[in-house]
Amino acid sequence: MEDAYIVAYGRSAAGKAKGGAMAHERPDEVAAQVLKGVMNRVDGGFQPAMVEDVIVGNAFPESLQGQNIARTISMLAGMPESVPGQTVNRFCSSGLQTIAIAANQIRSRQADILAAGGVELMSAVPMGGNEPTNSPVLQDEDTGVSYPMGLTAEMVAEEYSVSRKDQDSYSVQSHQRAIKARDSGRFDDEIIPIDVNSVSYDENGPVVTKESFRTDELIRPDTNLETLEELPTIFKAGGTVTAASSAPLTDGTGFVILMSGNKVKELGVTPIARFVGYKAVGVDPKLMGIGPAYAIPEVLELTGLGVEDMDLIELNEAFASQTVATIREAGLDTEKTNVNGGAIALGHPLGASGAMLTARLLAEMKKRPASKYGMVTMCVGVGMGAAGVFEFIRD
């Protein structure tokens, strides 16, 4: 089997949906900027025309994100017409799923060079889509397919005994870690600056100017336990989940370039990480958030590794309740998990998160010479979980 290597990675800064830096942007245009920036990071004899497919994850591929957005991204990124594109949807794990698809194509010798990632501008499409529909049969059977994600977070909290205090404390930690990482420049290596439209108004109407966007804008440095304890619950009367213990609506995009071992040698490209394995699983849709606790042991069994072998873990924080429950159930080390904060502080742009977390994982592993194996994992809407393992390549 051919090895598949990540040879470049990058993400946009995470923007606040519905009023943040990317609120006036087209998803395909911002994604193209990041993809272009990531391709520019590949060394050796690589050329963008060598990419054999652009695989893009997206959770709501409609409206501005429709029309096979992967194809338009490849063209906007300046790639020749010969480079095709495909759009993939596994909801919150779409961005990680595309990396697995690309890696497995390379491992099976169906391709040598692929671009994979995700984009989600939640400013562009309403949560749930413009016309959300669910199977009436499954709804009548109360399978949980139409349960709001916040309600499933409440159900996880109840099922796994995650208290309001547990959730609030974890949320504070996420912001504290994120602000420390941002202020110390730990995100600089993974972020690709993009140009965005800034809109202001004068007596003649709107004034549009271009600005460079390069800093995550959802972190709240003043987050503290006392403030969070006063917040109302928002998904269930008498519940425990608040806006502060939920990932905010977010705009963002991220990409990696994958290459076969043979092509790495031929082009003189420096490999960054080896794709080791990936698993997606299904769980009760009513307990959607516990998905990673089931995906993690499966990917570890697949790869012949143990949880103790993971030097760093990026666990997507859709909600504090499911994050805490997963950490407990999967036996994760909190000192190795989300060391620079997570989605509660940094945002969760759905179909882009898996790719953005992969960039975050590899950027942090680069700074830790002793690290070898890392994992990206997340819960997925309608009752699924996913996890991918990577091996960082040292000289």
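A: The largest cavity is lined by Asn316, Ala343, Leu346, Gly347, Pro349, Ser353, Met356, Leu357 and Arg360. A cavity here is a set of points on a 1 Å grid over the protein atoms alone where a 1.4 Å probe fits but cannot get out, and lining residues have an atom within 4 Å of a point.

Q: Which elements give two or more residues to that lining?
A: They are α11 (343–346) and α12 (353–366). The largest share, four residues, comes from α12. Helices are DSSP runs of H or I with at least four residues, strands are runs of E with at least two, and both are numbered from the N terminus.

Q: What is the volume of the largest cavity?
A: About 60 Å³. The volume is the space filled by probe spheres set on the points, with grid points joined across faces, edges and corners.

Q: And how do the lining residues divide into nonpolar, polar and charged?
A: Five are nonpolar, three polar and one charged. Ala, Val, Leu, Ile, Met, Phe, Trp, Tyr, Cys and Pro count as nonpolar, Asp, Glu, Lys and Arg as charged, and the others, Gly among them, as polar.

Q: Is this model from an experiment or a prediction?
A: It is a predicted model, where local features need pLDDT of at least 70, side-chain atom pairs count only at pLDDT 80 or more, and totals for chains, interfaces and linings use all residues. Residues are numbered from 1 along each chain as its sequence is written, and side-chain values use heavy atoms, with hydrogens and water left out.

Q: New topic. How many salt bridges are there in the whole structure?
A: The search finds 17. A salt bridge is a side-chain nitrogen of Lys or Arg within 4 Å of a carboxyl oxygen of Asp or Glu.

Q: What does Arg11 pair with?
A: Arg11 meets Glu190 in a salt bridge, at 2.7 Å from N to O. Arg11 lies in strand β1 (residues 4–11) and Glu190 in the loop between α6 (164–183) and β6 (194–202), so the pair ties together parts that are 179 residues apart in sequence.

Q: Are those two buried or exposed?
A: Both Arg11 and Glu190 are buried. Buried means under 20% relative accessible area, exposed over 50%, and partly exposed in between (1.4 Å probe, protein chains only).

Q: What about Glu364 and Arg368?
A: Their side chains form a salt bridge at 2.8 Å, N to O. Glu364 is buried at 3% relative accessibility, while Arg368 is partly exposed at 32%.

Q: Which residues do shared partners join into one network?
A: Arg11, Glu190, Asp216 and Arg360. Arg360 also lines the largest cavity.

Definitions and conventions: 1 Å grid on protein atoms, 1.4 Å probe; cavity = no way out; pocket = protein on both sides within 12 Å on 5 of 7 lines; lining within 4 Å.
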